[in-house]
Amino acid sequence: MKKFIEYTAYSNLPISKEVLEIDFSTRKNEIEHISITFDNKENKGIVIIKIDFTDDIEFELAKRIAEKKIDQIIKGIIFTSGIQVHGIEQTLHNFAEYKSGFSDHSMVLTVPFKFNLTQLDEIKSLTKSDKTNHVYYDLYRQAINHDDDLGKFMFLYSLLMLVLKTDYQSEVDKFIVKAKKDEKKLKQRSTKLIEQKDGTRKRSTRLETRFTWLRNQVGHTQEDSEITKAINEMKDCYKVLKEIVKQAIKENI
């Protein structure tokens, strides 16, 4: 029997059952095969990752290799699907005498998430590469796994500025409109007040994408910020923002 270590992670959403089989036998390293099973138990999404090793490997080396690969896989799943995946625990292995691991809790929602074929292929591709070692994937995971919609939105917007290497919101808006052309129609007038020479303040005429407008309502402390409206709208549009950030990461790595 091949030596293996199995890990289980937990999603915030139930997941329709899928099984990915990924062959590593031609790569001439310690990992021979990885299987990733997505499933649903008691209204909670479960991701089971089983890593098969060569017969002569020792547990401590296998564990180090597995933990690095598991981290890459989890980041790849989050990046591809945009769903939360909390924590990881080692649940099974066939090495003698060893047992370890840690666990985390997660939110549970009732709408099942189903991976499409494109997403499954992307997870396979990311699993076979070291691409998710890049810091952008770590930051994307932190953003998606944030506990509330406001936190997700603000983290994603900041990450977008970082990926685009800009401090200017006009550059961010330019990329957003390029990525999602329909967003141009949704631009709205900034609520920023600009001080005039006579000491009065006049509202800016600059148009902002809804993402920049929302970010500024929360990020700025101006008197006319529409905070309640902004937070409610963030819940509706953060899913679009995470796809825009994902595109930016793909284009800038």
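Analyst: Happy to. Let's start at Asp149, which is partly exposed at a relative accessible area of 25%; here buried means under 20% relative accessible area, exposed over 50%, and partly exposed in between, with a 1.4 Å probe and protein chains only. Please keep in mind that this is a predicted model, in which local features need pLDDT of at least 70 and side-chain atom pairs count only at pLDDT 80 or more, while totals for chains, interfaces and linings use all residues. Residues are numbered from 1 along each chain as its sequence is written, and side-chain values use heavy atoms, with hydrogens and water left out.

The partner of Asp149 is Lys152: the two form a salt bridge whose closest N and O atoms are 3.9 Å apart. The term stands for a side-chain nitrogen of Lys or Arg within 4 Å of a carboxyl oxygen of Asp or Glu. Both residues belong to helix H4, and their spacing of 3 residues puts about one helical turn between them. (Helices are DSSP runs of H or I with at least four residues, strands are runs of E with at least two, and both are numbered from the N terminus.) Lys152 itself is buried, with a relative accessible area of 6%, whereas Asp149 is partly exposed.

What does Lys152 meet on the neighbouring helix? Lys152 is one of the H4 residues, together with Phe155, Leu156, Leu159, Leu162 and Val163, that meet Tyr136, Leu139, Tyr140, Gln142, Ala143 and Ile144 of H3, a contact being heavy atoms within 4.5 Å. The residues of this H3 and H4 contact divide into 10 nonpolar, 1 polar and 1 charged. In that count Ala, Val, Leu, Ile, Met, Phe, Trp, Tyr, Cys and Pro are nonpolar, Asp, Glu, Lys and Arg are charged, and the others, Gly among them, are polar.

H3 covers residues 135-144 and H4 residues 149-164; they pack at an angle of about 165°, with axes 8 Å apart. Axes are lines fitted to C-alpha atoms, for helices over the stretch in contact, and angles run from 0 to 180 degrees between N-to-C directions. H3 and H4 are therefore roughly antiparallel, given that angles under 35 degrees count as roughly parallel, over 145 as roughly antiparallel, 65 to 115 as roughly perpendicular, and the rest as oblique. The crossing of H3 past H4 is left-handed, a label used if the near helix is turned anticlockwise from the far one by less than a right angle, with clockwise giving right-handed.

Asp138 and Arg141 are joined by a salt bridge with closest N and O atoms 3.5 Å apart, and they sit 3 residues apart in H3, about one turn of the helix. Asp138 is partly exposed, at 22%. This pair is part of a network of salt bridges that links Asp71, Lys75, Asp138 and Arg141.

For contrast, here is a pair between helices. Glu251 and Lys178 form a salt bridge, the closest N and O atoms being 3.7 Å apart. Glu251 lies in H7 (residues 227-251) and Lys178 in H5 (residues 169-179), so this pair ties together parts 73 residues apart in sequence. Glu251 is partly exposed, with 42%, and Lys178 counts as exposed, with 53%.

The axes of H5 and H7 come within 10 Å and cross at roughly 100°, which makes H5 roughly perpendicular to H7. Phe175, Ile176, Lys178 and Ala179 of H5 make the contact with Ile244, Gln247, Ala248 and Glu251 of H7, and these residues divide into 5 nonpolar, 1 polar and 2 charged.

Stepping back to the whole protein, there are 7 helices and 9 strands, and the structure holds 16 salt bridges. Its C-alpha atoms fill a box of roughly 80 × 35 × 30 Å along the principal axes. Of its 253 residues, 46% are buried. Among contacts with a separation of 6 or more, 65% come from residues 24 or more positions apart.
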